[in-house]
Amino acid sequence: MESTSEALFGVSAERLTKMRRYRKLKDQVAAKAISAGGVGVIFAICLIFFYLLYEVLPLFLPASMEERSSLTHYQVEDPYFTVLEEQGQVALAVDKVRGPVFYNARSGELVEQPQLPVDQPITAFSKDAPGTRSFALGFADGSVLIQKPSYHIEYGATTQDKTVVPSITYPLGEEPISVLEGEAVAHLAYRESGDRVRIVAANAAGELFMKDFAKTESFLSDEVELEEIDRVQLPSASGTLNKVLLSLDQRWLFLVENQRRVEVMDLRNPVADMRVDIAEVVSGDTRITVSDFLLGGFSLLLADTQGVISQWFVTYNEANAPHLVKVRSLTLEEGTPITTLQTEHRRKGFIAGDAAGNVGLFNTTAEREVKDEKISAEPIRWIAMSPRGDSVLFKAQQEAPRNFYIHNEHPEVSWHSMWNKVWYERYEEPTFTWQSSSASNDFEPKFSLMPLTFGTMKAAFYAMLVAVPLAICGAIYTAYFMAPSLRTKVKPTIELMEAMPTVILGFLAGLWLAPLVEAHLAGVTSILVLTPIFIITAAFLWSRLPREISTRVPDGYVPVILIPVVVLAGALSMWLSDPIEMAFFNGSMRDWVSHDLGIDFDQRNSLVVGLAMGFAVIPTIFSITEDAIFAVPKGLTQGSLALGATPWQTLVRVVMPTASPGIFSALMIGLGRAVGETMIVLMATGNTPIMDMNIFEGLRTLSANIAVEMPEAEVDSTHFRILFLSGLVLFIFTFMVNTTAEVVRQRLREKYGSL
């Protein structure tokens, strides 16, 4: 046996046995390494998924409430308004008799009770926007006094030992402002913005008076001087006046009347034309119980005896006339009257309490109830909230106020607000809108993912529209018809295109291609028409050449002849661009598209994205498709040709079905590349989050939006987590596309594997 091994292999049997064992060991190590690599890839993908889920999950966690203390020393009987300061340590109550009173927000002990500089009974109250903290008191002699709480922090032995010291300031001076001149102020509305102050007051008879003041500050001191600009008697209320509300821009005056309707006045109009709408906001026996402004001072919140809180604001109808419209309704406890309501200081949310002791946290943008809980068996009289929204005081009828900690990080997020149309303030109708930030503190963030998802699909669609025909047709010809020597040059050249950084493509698309397309739109359009005509003409002429001339070109090298034809078609199209525009489009096709057709045109648009991103996707689709077609066994094609089929019939009926799993995989991988592309769409689209299939308008994709806004997003904020949600959406979409591609590929392989 040993001599036989030496004779056959030139090695001893012992040596051969060792070699076999070593080879088996290498095979086992390689198999385990490959398995470990595959498991590692799956594990890494799972880690990415769970990390994205970890960042996104807090968006959908419910809010929570935790009672911290009971204010057993509370002594304010019936306040107009109560609010907590930033730290949640001190509360301010505006008492109907004593005026402002500061007390401890944990125990209720009196902290400070400033003396009013006016010896008159308080008859009315109005608060300014939440961010200003100012409020106005109306008195029996018709005067109005503006006050503002101020807080400073004193530290003890350590920085953790801090005390909030409150005081009352007078931003417009301690001298009361005369508004009604001798008549008691029954209802009051006050707004201060920039250098202008507007006060609207009503007497007991329902007569309304408005005073405007110009505010000037001294350069040498902090003193403020008021100069009366105008005093106007407004149209009287049409019914029994319940409340007067003035919008933040000082334009719209809302009169809540008869506990069932709202009268709207436009204060910019002449007095005779100020009344623009009277809206019946409830029906039947339902009555309005509470009315207040949402953050921003534009939307009205109207709570009623049926437990419903509805949001209303002014918009314009088809005749461009302003009218009050109901935007949405939220319900705390159906059939139970709402007794109090407090809006948040920094978000479009509010807290409501009802006659059964229920309290609920709501957000208008998300159009949902975030949290509801029964905290008492008695009606809730008032609610006080800190600016941060994490500390809240609830006062039931006969009980001492109670201090609650609220954890409510992301109330403005819901599936409805992200994927459905939302009716935002000052919009004429519900829309899909992404607008995450603004310079205004009263801005309402708009986190609709629909425009971004639509933009992602739109960019991918136009990119695939350009790439798929060119890549697949090129791959078919290269793999099936082209000469092998030419194929060895063409295929690596096209695959080398994939190595070009997409940031370079985006740079060229944004700074060179986009202006070129805009300036020569007629020429670019002509290329699509002239190039096929030139190619067909060249093919026809080639077919008419004498055989002694055409046969001089080796088989498979004929496509090289088309290179100058395509270049000539492109050059001629660009040269004819200006004459075409002068002859047919009044000198500018871009203006003709915008003005005559009414189609919006942006320089950085979907056409530019389709051309640039299609160029980036072509190598991926081409390479995989070409490999799939070239890998079809030669025996199949030769057998088909031997049975009398033409090369074209062989391609369509044998080669393409056999290669279809690979071709489908190429399309799906190319689609995934187009969906996940960032730099090209970031630099060449204009980044406008709109929903329009217009090829001449821009777009914004999910990936580009993440790249643009993630560096500016506050960590752990709603904006930050929604950007991670965008990444999760892309991840899930890619996973679904790849899974679908694999399922279809396997079925195609089973169907055509027997060929």
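Strand E17 and strand E18 (residues 275–280) run antiparallel and are joined by five bridges, where strands are DSSP runs of at least two residues, labelled E and numbered from the N terminus, and two strands pair if DSSP finds at least two bridges between them. This is a predicted model, in which local features need pLDDT of at least 70 and side-chain atom pairs count only at pLDDT 80 or more, whereas totals for chains, interfaces and linings use all residues. Residues are numbered from 1 along each chain as its sequence is written, and side-chain values use heavy atoms, with hydrogens and water left out.

Strand E16 (residues 252–257) also pairs with E17, in the antiparallel sense and over six bridges. The hairpin of E16 and E17 has three residues between the strands, and there Asn 258 takes a positive phi near 55°.

| Residue | Bridge partner |
|---|---|
| Glu 257 | Arg 261 in E17 |
| Met 265 | Arg 275 in E18 |

Strand E17 (residues 261–266) is mostly covered, with six of its six residues buried, that is, under 20% relative accessible area with a 1.4 Å probe and protein chains only, while exposed means over 50% and partly exposed lies in between. In a regular strand the side chains alternate between the two faces of the sheet.

As for cysteines, the structure holds zero disulfides, a disulfide being a pair of cysteine sulfur atoms within 2.5 Å. Cys 46 counts as partly exposed because its relative accessibility is 33%, whereas Cys 473, at 52% relative accessibility, counts as exposed.

Terms used. Helix = DSSP H or I, 4+ residues; strand = E, 2+ residues; numbered from the N terminus.
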